[in-house]
Amino acid sequence: MLDAIRRLFEADSLSPHGICLLWRPELIWTHAISDALIGTAYFSIPVALTYFVSKRPDVVFTWVFWAFATFILACGTTHYFSIWTLWFPDYGAEALIKVLTAAASVATAIALWPLLPKAVAVPSPAQLRAANAILEQRIRERDEALAALRRETAERLKAEEMLRHAQKMEALGHLTGGIAHDFNNLLTVVLGNLESIAKRTEGQGERLHRAVHNARTGAERAALLTKQLLAFGRKQPLHPIDLAVSEIVQKVAHLLDRTLGNHIALRTELAPNAWTAYVDQNELESALLNLAVNARDAMPKGGTLTIRTRNARASAGSAASGTGPSREFVLVEVTDTGEGMTEEVKSRAFEPFFTTKPVGQGSGLGLSQVHGFVTQSGGEVEIESELGEGATVRLYLPRAD
Ligand SMILES: Nc1ncnc2c1ncn2[C@@H]1O[C@H](COP(=O)(O)OP(=O)(O)OP(=O)(O)O)[C@@H](O)[C@H]1O
Ligand SMILES: [Mg+2]
């Protein structure tokens with residue numbers, strides 16, 4: 001065995017490959033250069049494969065890359081050896097390298113075949129892209145569903161809040177209306193008797209006359225207050241008539257022009273084709289005055305007060321929120337460019353006696369009257385306002401039949 005190996009490396013009796021080519025330079029150099037190029041190319045490929053595998057740790061079957069690298073390195077070496085044997089007859093060493101190359105090639109080839117089905121099953125970039133697209137679509141759908149859920153929850157919370165608010169106003173209305181009604185009856189008795197005292201004590205001294213006069217003034221103011229409370233409690237006797245709302249607005253605007261002051265500009269935008277509403281004229285005028293006074297108070301540094309009228313189709317139940325069947329209203333919109341309201345003030349503004357004005361300047365009954373009058377008339381009222389952004393109060397007055 002040892003002898004056979006020794007003989008394999010014995011080159012004494014052999015001649016270099018160049019002799020077979022009769023040392024013809026064109027043959028010698030064509031072989032030498034081609035083998036050098038092939039060998040160099042073969043050596044560069046494992047470097048590229050190693051770089052690829054080191055940069056892509058996610059690549060599967062990396063051992064195949066290493067097997068290829070070994071096999072290609074071996075092939076490259078055989079080519080370099082072919083150059084060597086042109087001049088030196090080391091055919092034994094060349095044969096040994098070929099044996100190693102054969103081993104690496106056969107092993108790689110054998111390992112490759114069973115791998116093929118698995119390699120085919122690995123998803124291609126196109127398949128991965130398609131799967132990705134499906135996944136993205138699912139995520140989008142889930143996000144949309146989540147957003148819809150969030151919207152629905154927000155709407156439900158808003159509806160619940162509105163219901164709570166409506167129930168609170170209803171309860172307050174009952175309470176206020178009940179008290180005001182009884183109080184009003186008592187005041188009627190007081191006023192009636194004061195009148196008869198006034199008649200009987202006429203000419204009986206200045207002091208008595210002044211005392212009776214003061215008592216009557218106080219009782220009349222109390223009666224006015226109870227009237228506003230009755231309005232809020234929707235117990236105010238109303239006398240609705242078919243009313244051209246724009247004309248009433250014009251009349252009130254005429255009155256206001258002189259009372260608002262120079263620092264406030266009054267504008268009206270009245271729909272020429274506005275429907276007639278079915279409401280109480282006096283109460284509507286009071287409501288407009290209350291709104292205008294509020295607007296004036298909200299614009300101490302001046303601004304613009306705009307009163308608009310237009311026809312509106314809105315959902316009953318809540319003209320603003322849009323639930324329930326559609327109804328027709330004449331909409332009166334009073335907008336100012338004043339200081340606006342906080343959420344807290346906005347949500348409580350209609351409550352009787354709610355005021356943010358200093359003691360003695362506001363009774364907190366203006367918007368209560370507006371609320372009571374409009375709702376008792378079968379309409380709706382809403383406030384839109386943000387702090388520093390002015391305020392808009394909308395009266396949805398029922399259209400006359
Ligand atoms: N146009 C508005 N801009 C800003 N805040 C307003 C406006 N209108 C009403 N408010 C707020 O709502 C509160 C209640 O208004 P409401 O008219 O009921 O009572 P008041 O004006 O305070 O008193 P009253 O009208 O009885 O003299 C006001 O105190 C104010 O804080
Ligand atoms: Mg007011």
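**Ligand site**

Author: In this predicted model, ligand 1 takes up the space of the second largest pocket. A pocket is an open set of points on a 1 Å grid over the protein atoms alone, where a 1.4 Å probe fits, with protein on both sides within 12 Å along at least five of seven lines; a molecule sits in it if more than half of its atoms lie within 2 Å of its grid points.

Reader: How many residues surround ligand 1?

Author: The number is 19, and the closest are Asp336, Thr355, Thr356, Lys357 and Ser363. A residue counts if one of its heavy atoms lies within 4 Å.

Reader: Which helix gives the most to that shell?

Author: Helix α9 does, with three residues. Both α9 (281–298) and α11 (366–376) supply at least two; helices are DSSP runs (H or I, at least four residues).

Reader: Which polar contacts does the ligand have, taking N or O pairs within 3.5 Å?

Author: Among them, a side-chain N or O atom of Thr355 is 2.5 Å from a ligand oxygen. Backbone polar atoms also take part: that of Leu367 at 2.9 Å and that of Gly366 at 3.2 Å, each from an oxygen atom of ligand 1.

Reader: Turning to confidence, what does the chain average in pLDDT?

Author: The average is 91, and 98% of the residues score at least 70, where pLDDT is the predictor's confidence in each residue, from 0 to 100.

Reader: And the conventions?

Author: Local features need pLDDT of at least 70 and side-chain atom pairs 80 or more, while totals for chains, interfaces and linings use all residues. Residues are numbered from 1 along each chain as written, chains are lettered from A and ligands numbered from 1 in written order, and side-chain values use heavy atoms, without hydrogens and water.

Terms used:
Polar contact = N/O pair within 3.5 Å; in protein donor to acceptor, adjacent residues only side chain to side chain. 1 Å grid on protein atoms, 1.4 Å probe; cavity = no way out; pocket = protein on both sides within 12 Å on 5 of 7 lines; lining within 4 Å.
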